[in-house]
Structure formats: C-alpha cells, structure tokens
Amino acid sequence: FQDNAVRNCRNGLYVNNTLYATAAVVFRGDTIFPDSVTGGRVGIGAYGGWQPTIAHSRIVGGNYGIQLSLGDAAVTTTIDTTAVSGTGFAAIDLSGVPGAVSGVANNIGNNLQYGVYDLSFVGGHGLNNGSFVGNGNYSVYNSVSNFSFDATSNWWGVAGGAGTVGA
C-alpha cells in the first residue's frame, strides 16, 4: 500500500492472512481518516501471518490508529516516521504481537486514551526518537511487568526534556 488517501471508512487499510505462510506487507505514505473514534474503527490493521512495515503514514481518528495481531514470533514489525492522533482508544494497539516491534521518529499525540497499548506478553517492543504528547491516559501502557517496552529518547511534551517539570 503506498500513497493512499482514505477517508470516512470503518477500516482504512486492512490485511488478514490466516491461511498462508507469513509474508511481508508495507504501508508507506498513506493518509487515513476513519469515520469514527468508536465501534472498532481502524486506520491500519494487520492480522495473522504478516511482517508489517508502516512508514511515513498519517492516521487521524478511529478507535485504533494501528491495530496489530500477528501470528509469528520470528518476525519484526517496523513502525517508522508515522503520526497517529485523535484516536478513541489507542494510537497503536499491540494486543497480539509475539515478535519484536521497533520504530523511530513517530509522533503519537492527542489520543483519548493511550499512545501505545501493549498486551502482547513478550519483550522486544520499542519506539524511540519520536514524541508522545497529550495522550489522555498513558502514552505507553505495558501490562506485563516482567517485559519492558523501550521508549527511550522520545519527547514527552516537557520543554526542558526528561526529568524536568513544566511544559
């Protein structure tokens, strides 16, 4: 998928692979505006046997900006230079991603609940050198205490950087 503009949709760009071997899928330069922030609306969704790369894309709205539920622990998901804002639940939902997730230079902001919602029960996930600003609940929510989410070198909306107070 490249350079698509999708507006007023339930699922913007959606792939489902439950019958075949894991394959690469790339979303690049796409702009997506789902029609609502409720009811399971998704900007970009990948489910099953995929190794997704999401890059240089913009998603505004939807219940989930990016929703991933993948089946192969051996694959890496890449999310680079993508902006997600205005979602009803989570900018990025990693509720079923057994393999590594990495990314840089993402702008995750102004989502009603979560920037990243990670319930994958594995380690090896991280987004770095981007920004997490104005998310209503948590910018990064990881429910499993023994698995870390690497969110180093991001801007968190504080002008003086990490460890300072103020905006």
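Colleague: Which residues form one aromatic cluster?

Modeller: Please keep in mind that this is a predicted model. One aromatic cluster is formed by Tyr-64, Phe-89, Tyr-114, Tyr-117, Tyr-138 and Tyr-141.

Colleague: How many aromatic pairs does the count come to?

Modeller: The count comes to eleven aromatic pairs.

Colleague: Is Tyr-64 buried or exposed?

Modeller: Tyr-64 counts as buried because its relative accessibility is 16%, and the cut-off for buried is under 20%. Phe-89, with a relative accessible area of 24%, is partly exposed.

Colleague: And how are Phe-132 and Trp-156 arranged as an aromatic pair?

Modeller: Phe-132 and Trp-156 are stacked, with their centres 4.9 Å apart and 10° between the planes. Phe-132 is in strand 16 (residues 131-133) and Trp-156 is in the segment after strand 18 (149-150), so the pair ties together parts that are 24 residues apart in sequence. Phe-132 is buried, at 3% relative accessibility, whereas Trp-156 is partly exposed, at 36%.

Colleague: Let us change topic. How many residues does the largest nonpolar core have?

Modeller: The largest nonpolar core has 28 residues, and those with the most contacts inside it are Ile-44, Ile-66, Leu-68, Ile-79, Ile-92 and Leu-94. Several strands supply at least two residues each to this core, among them strand 1 (5-9), strand 2 (11-17), strand 5 (42-48), strand 8 (64-70) and strand 11 (90-96). In soluble globular proteins, nonpolar side chains tend to be buried together.

Colleague: What does Leu-68 touch?

Modeller: Leaving aside residues up to four places away in sequence, the contacts of Leu-68 include Ala-46, Pro-52, Ile-54, Ile-79, Leu-94 and Val-97.

Colleague: Now to Asp-30. Where is Asp-30 found, and is this residue buried or exposed?

Modeller: Asp-30 is in the loop between strand 3 and strand 4 (31-34). Asp-30 is buried, because its relative accessible area is 0%.

Colleague: What surrounds Asp-30 there?

Modeller: Not counting residues up to four places away in sequence, Asp-30 touches Phe-1, Gln-2, Asp-3, Asn-4, Leu-13, His-56, Ser-57 and Arg-58. The side chain of Asp-30 has a polar atom 3.3 Å from the backbone nitrogen of Asp-3. Asp-30 and Ser-57 are 27 residues apart in sequence, yet 4.7 Å separates them in space, C-alpha to C-alpha.

Colleague: Which strands pair with strand 4?

Modeller: Strand 1 and strand 4 run parallel and are joined by four bridges; within this pairing, Ala-5 has Thr-31 as its bridge partner. Strand 4 also pairs with strand 7 (residues 58-60) in the parallel sense, over two bridges, and there Ile-32 is partnered with Ile-59.

Colleague: One last point: what sits over the ring of Phe-33?

Modeller: The charged end of Arg-7 sits over that ring, 4.3 Å from the centre of the ring of Phe-33.

Key:
Residues numbered from 1 in each chain as written. Predicted model: local features only at pLDDT ≥ 70, side-chain atom pairs only at ≥ 80, totals over all residues. Heavy atoms only, no water. Core = buried A, V, L, I, M, F, W, Y, C linked by side-chain atoms within 4.5 Å. Buried < 20%, exposed > 50% of the residue type's maximum accessible area, 1.4 Å probe, protein only. Contact = heavy atoms within 4.5 Å. Polar contact = N/O pair within 3.5 Å; in protein donor to acceptor, adjacent residues only side chain to side chain. Pairing = 2+ DSSP bridges. Phe/Tyr/Trp six-rings, centres within 6.5 Å; stacked < 30°, edge-to-face > 60°. Lys NZ or Arg CZ within 6 Å of the ring centre and 35° of its normal.
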